[in-house]
Amino acid sequence: MNPELRRALEQGLRRVPGMNAATKLLAVRLETVKALLARRLDENPLPVPDAVTPSDIPSVAELGPGDRVLAELDQDGFAFAIHPADVPFFNRRSEKMPRLRYRLHVVLRRGYVCVRKRFIGQPRNAPPGAHLSALLGLFFYNEAAALLRLRDLPSVPRIRDLHLTTRTLFVDYVRGQTLQHQVAERGQKVLDIDLAPLGQLFDPERDRREIEAFASGGGEAYSGRIEEIVRAMNARGVAPLDVKLGNVLIGEKTGALYWVDFERAALEGTPRYREQLAEHHDLVNRWFGLSLPGDGQA
Ligand SMILES: Nc1ncnc2c1ncn2[C@@H]1O[C@H](COP(=O)(O)OP(=O)(O)O)[C@@H](O)[C@H]1O
Ligand SMILES: [Mg+2]
C-alpha cells in the first residue's frame with residue numbers, strides 16, 4: 001500500500017473509539033499464540049535465583065511434589081498456606097484480605113512452584129471498559145506476551161505455562177517481600193488492609209503517600225537496581241505502566257529485585273508505545289527518583 005495512504009488510514013482508524021485497544025488485543029493474542037506454536041514454553045529456562053523449588057516446601061517431605069495448591073495469596077500479596085506444615089514457610093499475617101480481582105494461588109505444577117494467576121473477573125464497580133477488556137482477555141494476553149518477551153531476564157520471574165481456555169498464567173514463585181511490605185513493616189500505612197477502612201483505597205493521594213514513605217525510609221538505595229531492570233525491560237519492548245511498590249519483590253535468598261505484574265504494560269509494536277514509554281519513565285522517575293527521558297524529553 002502507498003505509505004501516505006497507509007498513514008492516513010492508520011490515523012483515521014486511531015480516531016475510532018476502542019481501536020487502539022482492539023489493535024493491541026489482536027497483537028498480543030497473535031504474539032502469544034505464535035510463541036505457543038513455536039513451543040517457546042517447552043524451553044524450560046532455569047528459574048531465577050530466588051524462585052522456590054519443591055524441596056523448599058515443608059509439606060513436600062510428607063505429601064511429595066505432585067501437583068496441588070500450596071497457598072492462597074491475598075489482596076496485599078500475603079500467602080496463606082493450605083497445609084499446616086507450610087504455614088511458617090509462607091508470609092501469612094493474622095488477617096486475610098480477600099482479593100478484589102483475580103484469584104492468585106501458589107501451586108505445585110509439573111515440578112515447579114508457581115504463582116497461578118487466573119484472569120477471570122473484575123470488581124463490580126470497575127469501569128465498563130475494564131469489564132470489556134477483561135472479557136476479551138486483553139489483560140491476560142498482554143501479561144503473557146510481556147512475560148514471554150522478558151523470559152531471559154534475571155529480574156523477572158519466568159512464565160512456566162499458560163492456559164488459553166481458562167486464561168491462566170503460571171509464573172515461578174519468588175519468595176520475598178515486596179517493597180510495599182517492607183515500608184509497611186516500618187509502620188507506614190500503605191497496605192490495602194490498612195487503607196480500605198479509612199476509605200483511602202482509591203484515594204488520589206495514595207500514590208504520593210506511598211512514594212514519600214518509601215523515600216523517607218531510604219528507598220533511593222534501590223534506584224540503581226531499579227534503573228537497570230527498567231532499561232532491560234525497555235530493551236525488550238516492555239514498559240510497565242502499573243508502577244508501584246507492590247510490584248517489586250525483594251528475593252529472600254539473594255536480595256535481588258524482581259518486577260511483577262505486566263497486565264497493563266505497554267508493548268513495543270502496539271499503538272502509542274512511544275507515548276506510553278515516556279509515561280512509564282515519568283512514573284518510575286516519580287516513584288524511584290530516576291531521571292529517564294519522560295514526556296516531552298523522549
Ligand atoms: N511470581 C511471583 N512470586 C511471588 N509473589 C508474587 C509473584 N507474582 C505476584 N506475586 C505477589 O502477588 C501480588 C499480586 O500479583 P500481581 O501480579 O501484582 O497482581 P495484581 O494485578 O492483582 O496486582 C504481588 O504484589 C506479589 O505480592
Ligand atoms: Mg500488582
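# Exercises on a predicted model

Just after helix α9, G237 has a positive phi of about 75°. The model used in these exercises is predicted.

## Exercise 1: Helix α9

Determine how long α9 is and which side of α9 is buried.

Step 1. Helix α9 covers residues 223-235, which makes 13 residues. From its first C-alpha to its last, α9 reaches 18 Å, close to the 18 Å expected at 1.5 Å a residue.

Step 2. The buried residues in α9 include I226, I229, V230 and M233. They lie on the same side of α9, because they cover an arc of only 100° around the axis.

Step 3. The face turned away from the buried side carries exposed residues: G224, E228, R231 and A235.

Step 4. The buried residues of α9 pack against β8 (238-239), β10 (257-259) and α10 (273-288).

## Exercise 2: Strands around β6

Find which strands pair with β6 and how many residues of β6 are buried.

Step 1. Strand β4 (residues 112-118) is joined to β6 by five bridges, and the two run antiparallel. In this pairing, C114 of β4 has D172 of β6 as its bridge partner.

Step 2. Strand β5 also pairs with β6 in the antiparallel sense, over four bridges. Here L162 has L169 in β6 as its bridge partner.

Step 3. Strand β6 spans residues 168-172, and four of its five residues are buried, so β6 is largely enclosed by the rest of the structure.

Step 4. The hairpin of β5 and β6 has four residues between the strands, and in this hairpin R167 takes a positive phi near 45°.

## Exercise 3: Positive phi in arginines

Where do R110 and R272 lie, and what is the phi of each?

Step 1. Recall the background: most residues other than glycine have a negative phi.

Step 2. R110 lies in the loop between β3 (103-109) and β4. The phi of R110 is near 50°, a positive value in a residue other than glycine. With 12 other C-beta atoms within 10 Å, R110 is exposed.

Step 3. R272 lies in the loop between β11 (266-267) and α10. The phi of R272 is near 65°, again positive in a residue other than glycine. R272 has 13 C-beta neighbours inside 10 Å and therefore counts as partly exposed.

## Exercise 4: The shell of ligand 1

How many residues surround ligand 1, and how do the residues of the shell divide by type?

Step 1. Ligand 1 is surrounded by 18 residues. The closest are G77, P157, V174, G246 and D261.

Step 2. Sorted by type, the shell has 10 nonpolar, four polar and four charged residues.

Terms used: Residues are numbered from 1 along each chain as its sequence is written. Chains are lettered from A and ligands numbered from 1 in the order in which they are written. This is a predicted model: local features need pLDDT of at least 70, side-chain atom pairs count only at pLDDT 80 or more; totals for chains, interfaces and linings use all residues. A residue is near a molecule or strand if its C-beta atom, placed from the backbone, lies within 6 Å of it. Ala, Val, Leu, Ile, Met, Phe, Trp, Tyr, Cys and Pro count as nonpolar, Asp, Glu, Lys and Arg as charged, and the others, Gly among them, as polar. The expected span of a helix is 1.5 Å times one less than its number of residues. A residue is buried if 20 or more other C-beta atoms lie within 10 Å of its own, exposed if 12 or fewer, and partly exposed in between; C-beta atoms are placed from the backbone. The arc is that of the directions from the helix axis to the C-beta atoms. Two residues are in contact if their C-beta atoms, placed from the backbone, lie within 7 Å. Two strands pair if DSSP finds at least two bridges between them.
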